[in-house]
Amino acid sequence: MSTATEAKIFEILEAVKDPEIPVISIRELGILQQVTIDGDQISVGIIPTYSGCPAMFAITEDIKNTLKSQGFVDVNVTLLNEPVWNTDMITDSGKAAMKAFGIAPPQSLSEQQVSCPLCGSTDTTCISQFGSTACKALYRCQSCLEPFDYFKCHA
Ligand SMILES: [Zn+2]
């Protein structure tokens, strides 16, 4: 077994992606909050993007399996109550990857209008509050007429 350092664990966990947006790591999404090492035991602290998101179970399993594949078998994954996740925790690279994937990244709270990830137009309307998953809303662009998913703000 190689020696575990927190930086090494963070590096390995970069391979754990969001199950709904497989181009973004859980670190970029702000889910991965802390790694602590105590002897051979590794504790990973994650926060839910919003309560009840079924993705958290899949993410927990993915973290354990990914670390196990690197030889780290004694892994605890804890769901933290704090900090409370908000969309500002998504890194700029995460937002860019989300946009490239065709999902409009969450706007900061000062921006009211959702812009189209395809053409950039802000002339968009919400078709449904529930897109392909509960985390997303379905929008349509009035300029290019394409529907797209918008990652909903959970502030
Ligand atoms: Zn458009």
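**A residue in a loop**

Mentor: Let us start with I47, which lies in the loop between β2 and α3. Helices (H or I, at least four residues) and strands (E, at least two) are DSSP runs, numbered from the N terminus. This is a predicted model, in which local features need pLDDT of at least 70 and side-chain atom pairs count only at pLDDT 80 or more, while totals for chains, interfaces and linings use all residues. Residues are numbered from 1 along each chain as its sequence is written.

Trainee: Is I47 buried or exposed?

Mentor: The general idea is a count of neighbours: a residue is buried if 20 or more other C-beta atoms lie within 10 Å of its own, exposed if 12 or fewer, and partly exposed in between, with C-beta atoms placed from the backbone. I47 is buried, because 21 other C-beta atoms lie within 10 Å.

Trainee: Which residues does I47 touch?

Mentor: Two residues are in contact if their C-beta atoms, placed from the backbone, lie within 7 Å. Leaving aside residues up to four places away in sequence, I47 touches I31, Q33, L80, P83 and W85. The C-alpha atoms of I47 and L32 are separated by 6.8 Å, although the two residues are 15 apart along the chain.

Trainee: How many helices and strands does the chain have?

Mentor: There are four helices and seven strands, and along the sequence they follow the pattern α-α-β-β-α-β-α-β-β-β-β. Of the 155 residues of the chain, 32% count as buried.

Trainee: What is the order of the strands in the sheet that holds β1?

Mentor: Two strands pair if DSSP finds at least two bridges between them. Here three strands form an open sheet in the order β1-β2-β3, with mixed pairing. β1 (32-38) and β3 (75-79) stand at the edges with a single partner strand each, so one side of each is left without a neighbour in the sheet. From one strand to the next, the twist averages 20°; axes are lines fitted to C-alpha atoms, for helices over the stretch in contact, and angles run from 0 to 180 degrees between N-to-C directions. β1 and β2 (residues 41-46) run antiparallel and are joined by six bridges, and V35 has V44 as its bridge partner in β2.

Trainee: Which helices meet this sheet, and at what angles?

Mentor: Helix α1 (residues 6-13) packs on the sheet and touches β1 and β2, its direction making about 135° with that of β1. Helix α3 (residues 55-69) lies across β2 and β3, running at about 155° to β3.

Trainee: Which residues of α3 are buried, and which are exposed?

Mentor: In α3, A55, I59, I63 and L67 are buried. Seen down the axis of α3, its buried residues fall within an arc of 95° (the arc of the directions from the helix axis to the C-beta atoms), so they line one face of the helix. The face turned away from the buried side carries the exposed residues F57, N65, K68 and S69. What covers the buried residues of α3 includes α1, α2 (26-29), β2 and β3. Just after α3, G71 takes a positive phi of about 95°.

Trainee: What is the order of the strands in the sheet of four?

Mentor: That open sheet has the order β4-β7-β6-β5, and its pairing is mixed. β4 (103-104) and β5 (124-128) stand at the edges, each with a single partner strand, so one side of each is left without a neighbour in the sheet. β4 and β7 pair in the parallel sense over two bridges, whereas β6 (residues 136-141) and β7 (residues 147-151) run antiparallel, joined by five bridges.

Trainee: Which residues have Y150 as their bridge partner in β7?

Mentor: Y150 is the bridge partner of A104 and also of A137. L138 stands opposite D149 in β7. Four of the five residues of β7 are buried, which leaves the strand mostly covered. In the hairpin of β6 and β7, with five residues between the strands, L145 takes a positive phi near 65°.
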